[in-house]
Amino acid sequence: FRSEHAVGSLARPMSDDALAAKFLGLTDGVLPTDHAERLLQLCWNIEGMPNAGALALATVPGCRPVSA
């Protein structure tokens, strides 16, 4: 089976739910679940952040992400 457009491409974008599930799956075992969920919320709300550096800091295991 060959697909012309992979899921996640411009022609077949992922839904928000699918993207969130992929993100949480990739962070499983790297970040605690609550940390990954807060980081995901920061990503969804980056436009409203006064300092995007907080997002970068929130990716560090052991650092507690700020609220979105």
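Me: In this predicted model, how do helix α1 and helix α2 pack, and at what angle?

Reply: Helix α1, residues 16-27, and helix α2, residues 33-44, pack at an angle of about 140°, and their axes are 10 Å apart. Angles over 145 degrees would count as roughly antiparallel, and α1 and α2 are therefore oblique to each other. As for handedness, α1 passes α2 in a right-handed crossing.

Me: Which residues of α1 and α2 make the contact?

Reply: On the α1 side the contact is made by Asp16, Leu19, Ala20, Phe23, Leu24 and Thr27, while α2 brings Ala36, Glu37, Leu39, Leu40 and Trp44. Sorted by class, the contact of α1 with α2 has eight nonpolar residues, one polar residue and two charged residues.

Me: How should I read a nonpolar core, and which residues make up the largest one here?

Reply: The general idea is that in soluble globular proteins nonpolar side chains tend to be buried together. In this structure the largest nonpolar core has seven residues, namely Leu31, Ala36, Leu39, Leu42, Met49, Leu55 and Ala58. Helices α2 and α3, the latter spanning 53-58, each supply at least two residues of this core, and α2 gives the most, with three residues.

Me: Why does Ala36 count as buried, and which residues is Ala36 in contact with beyond its neighbours in sequence?

Reply: Buried means under 20% relative accessible area, and Ala36, which lies in helix α2, counts as buried because its relative accessibility is 2%. Leaving aside neighbours within four places in sequence, Ala36 is in contact with Phe23, Leu24, Thr27 and Leu31. The C-alpha atoms of Ala36 and Ala58 are separated by 9.1 Å, although these two residues are 22 residues apart along the chain.

Notes: Residues numbered from 1 in each chain as written. Predicted model: local features only at pLDDT ≥ 70, side-chain atom pairs only at ≥ 80, totals over all residues. Heavy atoms only, no water. Axes fitted to C-alpha atoms, helices over the stretch in contact; angles between N-to-C directions. Helix = DSSP H or I, 4+ residues; strand = E, 2+ residues; numbered from the N terminus. Parallel < 35°, antiparallel > 145°, perpendicular 65-115°, else oblique. Left-handed = near helix turned anticlockwise from the far one by under 90°. Contact = heavy atoms within 4.5 Å. Nonpolar A, V, L, I, M, F, W, Y, C, P; charged D, E, K, R; others polar. Core = buried A, V, L, I, M, F, W, Y, C linked by side-chain atoms within 4.5 Å. Buried < 20%, exposed > 50% of the residue type's maximum accessible area, 1.4 Å probe, protein only.
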